[in-house]
Amino acid sequence: MCLSLIDKMIFIENQNLFEFKTNNNDILSKKEYNYYYKEFERLGKVYEKMAHSYKNKNNYETSLDLFELASSLYNESGILRKKCQNTYYKDDTDYQKFDNHILAYEDCFYKYNRCRNNYNKIKNELLIK
């Protein structure tokens, strides 16, 4: 079976995310948390845009895979943001800063849910047809 370039890319990204999840005990600093959660959120945005593009081209299978990947990346970003907030900012007396961290990881979980909803809509449309 010959996989397209986009299929290979999705496979590699999922593999890298899985490896990160199984080995993320290596994160030791605030700087590393910041790097990873920002990178996962950035990649989630890229793949979500790509998913919409493939959906508009009626390539639903690839769109589903991309929405699933984007939702996984957003979820991991939210988890890392929450861990970072709990590790480094839970005793912060600046409530505005504290609230900003909470809003940031809630936004990641909102984006995760948005991607999952798009995934489920496409899946249901395909089942109906």
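Reader: Why is K111 called buried?
Author: K111 has a relative accessible area of 10%, and buried means under 20% (exposed is over 50%, partly exposed in between, with a 1.4 Å probe and protein chains only). K111 therefore counts as buried. Please keep in mind that this is a predicted model, in which local features need pLDDT of at least 70 and side-chain atom pairs count only at pLDDT 80 or more, while totals for chains, interfaces and linings use all residues. Residues are numbered from 1 along each chain as its sequence is written, and side-chain values use heavy atoms, leaving out hydrogens and water.

Reader: How do you know that K111 forms a salt bridge with E41?
Author: The term asks for a side-chain nitrogen of Lys or Arg within 4 Å of a carboxyl oxygen of Asp or Glu. For K111 and E41 the closest N and O atoms are 2.7 Å apart, so the pair qualifies. K111 lies in helix α4 (residues 95-128) and E41 in helix α2, so this pair ties together parts 70 residues apart in sequence. Helices here are DSSP runs of H or I with at least four residues, numbered from the N terminus.

Reader: What makes R81 and E41 a salt bridge?
Author: Their closest N and O atoms are 2.9 Å apart, so they meet the cut-off too. R81 lies in helix α3 (residues 60-89) and E41 in helix α2 (residues 30-56), so parts 40 residues apart in sequence are tied together.

Note on methods: Helix = DSSP H or I, 4+ residues; strand = E, 2+ residues; numbered from the N terminus.
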